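Here is a short report on one protein model. Look at the fold first, then read on.

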Amino acid sequence: MSGAFKGVQSRIANDKILKAKTYEADLPHSIEALRGELNLWKQFWKNKPEKADSSMEAFKYASMFPNIKCLLTILSVIPITTASAERSFSSLKRIKTYLRSTMSQERLNGLAMLHINKDIQVKPGEVLDVFAKKHKRKLQFDL
């Protein structure tokens with residue numbers, strides 16, 4: 001291996017360590033331990049005939065690498081885009097117009113959930129059952 005290639009590999013490894021320092025407080029061991037784990041992890045995957053296609057698949061093999069296991073867990077739960085959050089805020093803006101600005105927080109939450117999850121089929125009978133059981137009535141509420 002040439003010296004220039006080793007230098008590039010060293011810079012790439014240092015870049016990974018610098019990015020991992022963001023999550024240093026979440027790691028079970030030190031950054032130096034992570035550096036050693038990364039070297040072992042790289043050797044582990046060089047010797048493995050089949051490669052992992054996702055972070056969840058790689059997670060299955062990370063039991064002996066606690067820092068890498070922690071980083072893979074973080075990677076698995078970080079959203080890739082903010083599109084779902086942006087859609088939720090757009091929905092909220094449509095629901096809470098100037099005329100409806102006085103509605104209660106509970107009603108706003110309910111309307112937002114209905115609007116955001118509009119693909120879920122709601123059965124009116126089930127809604128009526130929940131409503132009927134929620135409050136005691138003077139008259140019997142039967143269907």
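This is a predicted model: local features need pLDDT of at least 70, side-chain atom pairs count only at pLDDT 80 or more; totals for chains, interfaces and linings use all residues.

Helix 2 (residues 31-47) and helix 4 (residues 66-77) pack at an angle of about 85 degrees, and their axes lie 8 Å apart. Axes are lines fitted to C-alpha atoms, for helices over the stretch in contact, and angles run from 0 to 180 degrees between N-to-C directions. Helix 2 and helix 4 are therefore roughly perpendicular (under 35 degrees is roughly parallel, over 145 roughly antiparallel, 65 to 115 roughly perpendicular, the rest oblique).

The table lists the residues that meet.

| Helix | Span | Residues in the contact |
|---|---|---|
| Helix 2 | residues 31-47 | A33, L34, E37, L38 and W41 |
| Helix 4 | residues 66-77 | P66, N67, I68, L71 and L72 |

Contact means heavy atoms within 4.5 Å. By class, the contact of helix 2 with helix 4 has eight nonpolar residues, one polar and one charged. Here Ala, Val, Leu, Ile, Met, Phe, Trp, Tyr, Cys and Pro count as nonpolar, Asp, Glu, Lys and Arg as charged, and the others, Gly among them, as polar.

Now helix 4 itself. It has 12 residues and reaches 17 Å from first C-alpha to last, close to the 16 Å expected at 1.5 Å a residue (1.5 Å times one less than the number of residues). N67, I68, C70, L72 and I74 of helix 4 are buried. Buried means under 20% relative accessible area, exposed over 50%, partly exposed in between (1.4 Å probe, protein chains only). Helix 2 and helix 3 (55-59) are among what covers these buried residues. Leaving aside neighbours within four places in sequence, L72 is in contact with W41, S55, A58, F59 and A62.

L72 also belongs to the largest nonpolar core, which has 14 residues. Such a core is a set of buried Ala, Val, Leu, Ile, Met, Phe, Trp, Tyr and Cys residues joined through side-chain atoms within 4.5 Å. L27, I31, L34, W41, A58, I68 and L72 touch the most other members. Helix 1 (3-20), helix 2 and helix 4 each supply at least two residues.

Overall, the protein has seven helices and zero strands. Helices (H or I, at least four residues) and strands (E, at least two) are DSSP runs, numbered from the N terminus. Of its 143 residues, 16% count as buried.

Residues are numbered from 1 along each chain as its sequence is written. Local features need pLDDT of at least 70 and side-chain atom pairs 80 or more, while totals for chains, interfaces and linings use all residues, and side-chain values use heavy atoms, without hydrogens and water.
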